[in-house]
Amino acid sequence: MSETAKRPLETENPPKAEAATAPAEEPAAKKAKADEAPSSAAATAQAAAAAASAALQASDAAGGAQPPSRIPESLKPAVKAKLQWLFQTGKCREDEIDTKIMLSIAEFSDAVGVQILEHFAEADMNTVRNKSAFLAGVMRRFRNETR
């Protein structure tokens, strides 16, 4: 064969020495990037921890992290205390009782309002899907009994 016929074959297949150096450079670049990633992630985590700590200190300074109560101020003290007891004991959550339903308890006397809430608390709350509607039903029964 002639030399010209061999040349295209040589150019199509690059020398092995060049191919061996190229992959060696890639892991070094990946290693450098991998070394940078944890330090930036650590810095981000430290910044987030500092922000959370500052927020916690601010809420402590403001009097705690308790959300404002949804219990209407217009309720009688005994009824209000019983509602707070229901929420604190875990019988139900404040967001499960509609504000209008809580306000309608004010139509009853203190003693009857407390009785309604006690009757409500005696129920198995695991079987009650809509606690607000259940409380409305208890109030309806008490209303019908007094007529």
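Q: What makes a residue count as buried or exposed?
A: A residue is buried when its relative accessible area is under 20%, and exposed when that area is over 50%. These terms are applied here to a predicted model.

Q: Which residues of helix 5 are buried?
A: Helix 5 covers residues 110-122, and its buried residues are Gly113, Val114, Ile116, Leu117, Phe120 and Ala121.

Q: What do the buried residues of helix 5 pack against?
A: They pack against helix 3, residues 77-89, and helix 6, residues 131-146.

Q: Why are helix 3 and helix 5 called roughly parallel?
A: Their axes come within 8 Å and cross at roughly 15°. Angles under 35 degrees count as roughly parallel, and therefore helix 3 and helix 5 are roughly parallel to each other. The contact involves Ala78, Val79, Lys82, Leu83, Trp85 and Leu86 on helix 3, together with Asp110, Gly113, Val114, Leu117, Glu118, Phe120 and Ala121 on helix 5.

Q: Which is the handedness of the crossing of helix 3 and helix 5, left or right?
A: The crossing of helix 3 and helix 5 is right-handed.

Q: How do you know that the span of helix 3 agrees with 1.5 Å a residue?
A: The expected span is 1.5 Å times one less than the number of residues. For the 13 residues of helix 3 this should give 18 Å, and the end C-alpha atoms are 18 Å apart, so the two agree. Helix 5, also with 13 residues, reaches 18 Å from its first C-alpha to its last, close to the 18 Å expected.

Q: What makes the buried residues of helix 3 line one face?
A: The residues concerned are Val79, Lys80, Lys82, Leu83, Leu86 and Phe87. Seen down the axis, they fall within an arc of 165°, so they line one face of helix 3. Pro77 and Gln88 are exposed on the face turned away from the buried side. The buried residues of helix 3 pack against helix 4, residues 99-104, and helix 5.

Q: Why is Lys80 called buried?
A: Lys80, found in helix 3, has a relative accessible area of 17%. The cut-off for buried is under 20%, and therefore Lys80 is buried. Leaving aside neighbours within four places in sequence, Lys80 is in contact with Ile71, Pro72, Glu73 and Leu75.

Q: How do you know that Lys131 is buried?
A: Lys131 has its place in helix 6. Its relative accessible area is 11%, to be set against the limit of under 20%; Lys131 is therefore buried. With neighbours within four places in sequence left aside, the residues in contact with Lys131 are Lys91, Cys92, Glu96, Ile97, Phe120 and Met125.

Methods. Residues numbered from 1 in each chain as written. Predicted model: local features only at pLDDT ≥ 70, side-chain atom pairs only at ≥ 80, totals over all residues. Heavy atoms only, no water. Helix = DSSP H or I, 4+ residues; strand = E, 2+ residues; numbered from the N terminus. Buried < 20%, exposed > 50% of the residue type's maximum accessible area, 1.4 Å probe, protein only. Contact = heavy atoms within 4.5 Å. Axes fitted to C-alpha atoms, helices over the stretch in contact; angles between N-to-C directions. Parallel < 35°, antiparallel > 145°, perpendicular 65-115°, else oblique. Left-handed = near helix turned anticlockwise from the far one by under 90°. Arc of directions from axis to C-beta.
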